[in-house]
There are 2 protein chains.
Amino acid sequence: MAEVKLHGRLLSPFVCRVIWALKLKGVPYEFVAEDLSNKSDLLLKYNPVHKKIPVLVHGGKPVCESMIILEYIEETWPQNPLMPNNPYDRALARFWIKFAEDKLVVAILKLFRSITGQELENAKKEILEILQTLEEHGLRERNFFNGDNIGLVDIAFGSMLYWMQVIGDVVGVKLFDSHKFPSLHTWFENFKQVPEIEENFPNRDEHLVYLKHRREQWVASD
Amino acid sequence: MAEVKLHGRLLSPFVCRVIWALKLKGVPYEFVAEDLSNKSDLLLKYNPVHKKIPVLVHGGKPVCESMIILEYIEETWPQNPLMPNNPYDRALARFWIKFAEDKLVVAILKLFRSITGQELENAKKEILEILQTLEEHGLRERNFFNGDNIGLVDIAFGSMLYWMQVIGDVVGVKLFDSHKFPSLHTWFENFKQVPEIEENFPNRDEHLVYLKHRREQWVASD
């Protein structure tokens, strides 16, 4: 079996996605910690376009962008499928993954970078609308986005909801009310109890300290 | 064979992508013209989240988002493959598709919406950097992005480069200099000569008139 290496930082929710997928597939890998304030030559060589983590290196060949890495993992190691079997359900899965990437990631970053009260309010409103769309259209009374088993869409949103909650704590807003979003809330609890997710969840306290520090830097640079 | 319908507008570069893929696959379809100023109930039912075209309806089931529709077409009709055979090359193809969607689409919209000279300058700079990245890293001396044959990455960028050029004419900037971007320029000429692309290319004059009108509305609403 060709060697698998994952370049990243443990506190990145995007790296987290890759760790979860590798664990769910039972693929052994070596973790290569990257210092983002001093990017390694290897990282710049592997991802010359974006210069970002995560990068998965399989048999010496790099794959970049977290959700593309996850589709690569799914297609390379077919055990414990994380995508539905038929093209139509796969298209639906990709629809929600794109929704996570285009809408939720952008809105969470906006929240993190909000300086004024108005900016904070706008970002909060945007996130609540996204959660409402997920609540109404995403889960359709199933345990996971694809049905009974965890898959790539759950990983895509699970990492983002975790990140959103930590950032919510940093900026002082509560977003994920269980009364407003009952299906989403039940789903997230189920998700966190999947053993491979639970055992490889980021350390929330460390993450909070890290993001508070980053937020202070951001506000100071304004 | 289940019925295939495509909801869209002929002048949308995103709809164009789907038409090209269906033609390259030789899949017969019915085109349902949508009036975006008065969206049909069917469109709102098929795409309740984004309420946007294109929507492909196959056997009564809708697929939304142009590049997701293209992956669905590829997986549903295997003739004339538009994606590489192995997972690694497929990951590379998806990397460039994501680059088109995240970077180029956003920069072209920014150009179209620029009001001040400074905004126009910034959007132009952003687009030139994107084209430079494509020139350096994307094609790697091959005829098409995947190698010798046209594929989804070519369709993704081909539609966008066409759109970018028309919008460049509307706002009065020239972006796609053949001396600055020789590989990209040769690729685009090859691309446009593929019969299924050439025969189903948008009408540039009509598109120019349409986008000039839209641009006037945008400037007036500022």
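Contact is taken here to mean heavy atoms within 4.5 Å. In this predicted model, where local features need pLDDT of at least 70, side-chain atom pairs count only at pLDDT 80 or more and totals for chains, interfaces and linings use all residues, side-chain values use heavy atoms, with hydrogens and water left out. Residues are numbered from 1 along each chain as its sequence is written, while chains are lettered from A and ligands numbered from 1 in the order in which they are written.

We can begin with the interface. Chain A brings 28 residues to the contact and chain B brings 28 residues. About 2,500 Å² is buried between chain A and chain B, with 69% of that area coming from carbon and sulfur atoms; buried area is the accessible area (1.4 Å probe) that two parts lose on being put together, summed over both. Six salt bridges are counted between the two chains, a salt bridge being a side-chain nitrogen of Lys or Arg within 4 Å of a carboxyl oxygen of Asp or Glu. B:Arg94 makes a salt bridge with A:Glu71, and their closest N and O atoms are 3.6 Å apart.

On the side of chain A that touches chain B, two or more residues come from each of strand E4 (61–64), helix H3 (66–76), helix H4 (87–113) and helix H5 (117–138) of chain A. Helices (H or I, at least four residues) and strands (E, at least two) are DSSP runs, numbered from the N terminus. H4(A) gives the most to this side, with twelve residues. By class, this side of chain A holds 13 nonpolar, five polar and ten charged residues, where Ala, Val, Leu, Ile, Met, Phe, Trp, Tyr, Cys and Pro count as nonpolar, Asp, Glu, Lys and Arg as charged, and the others, Gly among them, as polar.

A cavity is a set of points, on a 1 Å grid over the protein atoms alone, where a 1.4 Å probe fits but cannot get out; lining residues have an atom within 4 Å of a point. Grid points are joined across faces, edges and corners, and a volume is the space filled by probe spheres set on the points. The whole structure contains one cavity of 30 Å³ or more, and the largest cavity holds about 390 Å³ of space. It is lined by 16 residues, of which A:Ile68, A:Ile97, A:Lys98, B:Ile97 and B:Lys98 are the closest to its centre. The lining of the largest cavity comprises six nonpolar, no polar and ten charged residues.

Technical notes. On a 1 Å grid over the protein atoms alone, a cavity is a set of points where a 1.4 Å probe fits but cannot get out, and a pocket is an open set with protein on both sides within 12 Å along at least five of seven lines; lining residues have an atom within 4 Å of a point.
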